[in-house]
Amino acid sequence: MLFRLLQIEVFKTFSKWRSYIGFMLFAFFIPLLIIIAHYNGGLDEALYLESTERFLFTGNLYNAYFLSFLMMNLLWIHLPFLITVAAGDLFAGEAAEGTYRYLLVRPVSRSVFFVSKWLTNMIYTFLLVFFMGAVAFFTALPFEGLGDLLVFSPDFGVSILDRGDALPALLKAYLIGSLNVLTISSLALLFSVFVSNAVGPIIAAMGLVIIFYLVEFIQISFFAAIRPFLFSHYMDSWIYVFYPHIPASDLWLALAVHGVYISVFTLLSYTYFMRKEISS
Amino acid sequence: MKHLECLSLEKSFGPQKVLDKVSFSVEHGDIYGFLGPNGAGKSTTIRIIADLIRADAGSVHIDGIAVAKKKVEALSSVGMLIEKPSFYPHLSGETNLRLLTRLMPEIEHSEIDRVLKIVDLSSAALKKVKFYSQGMKQRLGIAQAMMGHPSLIILDEPLNGLDPVSMRDMRDLIFRLRDEGKTIFLSSHLLYEVERSCNRMCIIHRGTVIREGAVRELLYDVPEYWVEFSALNSADLEQAARAHFDADRIRPGLHGLLIKMKQEQIPDFINTCVSGNIRLRAASPLSTLEDYFLSIMES
């Protein structure tokens, strides 16, 4: 039953044009950015914009791996926003259109129905994140080719991975990035269960994310004290995989925090949905 | 075993109690009418049957299986149309029904063509539901309720939005389903349709069941009703009627004279006519469900 419902939910999600907004934006703008960058200075410009340090390098560091890494910065705000467009609609859209009952008056258990929605949300999140990476990689490939992977971060500095290690590291980073974004889509899903308007969950989830980011950046001792407990503090945990000197425990801690948030959001959504009175 | 049984259902929304110990039962093969004015609690009851909302107390059993405890099993052979039909508007009628065949593999794909043909929607099958008229949505709602040959079909206001021809077709369909051995639970505010279609019924008012039983028995379970008399010498009939009844209880009928009287007055008045050489052709009680319903509501 779960697999059948999952098929239905995935089909329903991808039969709505709004589910393609993220895919269309990435499919259009990422190639556009890469092509513009290609004809306007490539790595020099990119490094100049991203870092205050100066480097002298040889070989092809401005390549498809590097650009796939660079695009991961979209995981902060842009991609979560696009994810919440679909996640916010999963339950609230049904309530708004009065379609909960179309399937729920059938011999379908609510818990299985909920799980199918949750899995659809997860599939959508992972698909969009990996789609973004794939578009960046495959668009950059013919223009920039392959090479070693250069990464840089204000917190951890510069790291260069051998081209043989680049792809596995990128795949791992995208996987962790997907999990990080899943926290935000689970939050949108939670709001979606409560309301019958798909816009509400998007605004509420993104509003909360932005507040958490503000806590991250505003230098007040109280905020500094609570930061380690907020998922926003670990939104960049995907970058750890590019820095061999960062202990694995840091990554596990980040994943654990995200895991706790995802679990809490999911549990709250589930509990409320199981008791929800479907009157629309 | 009862096909559908509601036992002492209670439900409140905040301080407002909308169902108070609602109990009724539907036998296999019944066409069961569920009547009540707006806000009486009909839709709440049906939503509890469908497990869309939970009762504060009481239980619903389908073929003896408690819906709240074993929903999947209990609803395995139930088709429902609840109030305004709900469909995925961006999908076609056919695709909406296909979702059900995907959900329940025991429903064959050919079922889609069968039910669409029954409700006369074959030609609009590929059209998106958002472009359907209210009547078409209603018919599609009935089609989805029939998918998979359910033994119990719950129809909440199925005639809403239907034109007179479609209403007649719907009535015929209900009879056909009954002849196939289905049980129909029909909630409607169209008293005439319930009277014509149902063999048993329940009237709910302010969250309480006030009457339940066979339609034919309940119809004449009123203190007084209209009886239509026709006679060869109609002038004499009218004269006799005026001698026995107040003027406001007499009015012309389609085939004769209508007189509002108590049941026990009927033989007395017939005797009066016979002894007065009034040549009666017929005396037909004309109690309608509407009369019955209104008398109950007024009382």
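**View 1. B:Asp51 sits in the loop between helix H1 (42-49) and strand E4 (57-62) of chain B.** The model is predicted: local features need pLDDT of at least 70, side-chain atom pairs count only at pLDDT 80 or more, and totals for chains, interfaces and linings use all residues. Residues are numbered from 1 along each chain as its sequence is written, chains are lettered from A in the order in which they are written, and side-chain values use heavy atoms, without hydrogens and water. Helices (H or I, at least four residues) and strands (E, at least two) are DSSP runs numbered from the N terminus. B:Asp51 is not a glycine, yet its phi is positive, about 65°. Its relative accessibility is 5%, so B:Asp51 counts as buried. Here buried means under 20% relative accessible area, exposed over 50%, and partly exposed in between (1.4 Å probe, protein chains only).

**View 2. B:Ser8 lies in strand E1 of chain B.** B:Ser8 also has a positive phi, about 45°, without being a glycine. At 34% relative accessibility, B:Ser8 is partly exposed.

View 3. Buried area is the accessible area (1.4 Å probe) lost when two parts are put together, summed over both. B:Leu52, B:Tyr88 and B:Leu103 supply 24% of what chain B buries against chain A, more than any other three residues. Chain B gives 34 residues to the contact and chain A gives 28. Contact means heavy atoms within 4.5 Å.

**View 4. One salt bridge crosses the interface of chain B and chain A.** B:Lys11 pairs with A:Glu277, with the closest N and O atoms 2.4 Å apart. The rule asks for a side-chain nitrogen of Lys or Arg within 4 Å of a carboxyl oxygen of Asp or Glu. Polar contacts link 16 residue pairs across this interface (both at pLDDT 80 or more). Each is a pair of N or O atoms within 3.5 Å; within protein, one must be able to donate a hydrogen and the other to accept it, and residues adjacent in sequence count only if both atoms are side-chain atoms. H3(B) gives the largest share of chain B's side, seven residues.

**View 5. A:Lys16 occupies the loop between helix H1 (2-14) and helix H2 (21-38) of chain A.** The side chains of A:Lys16 and A:Asp89 make a polar contact at 2.8 Å. Beyond its neighbours within four places in sequence, A:Lys16 is in contact with A:Asp89, A:Glu97 and B:His90.
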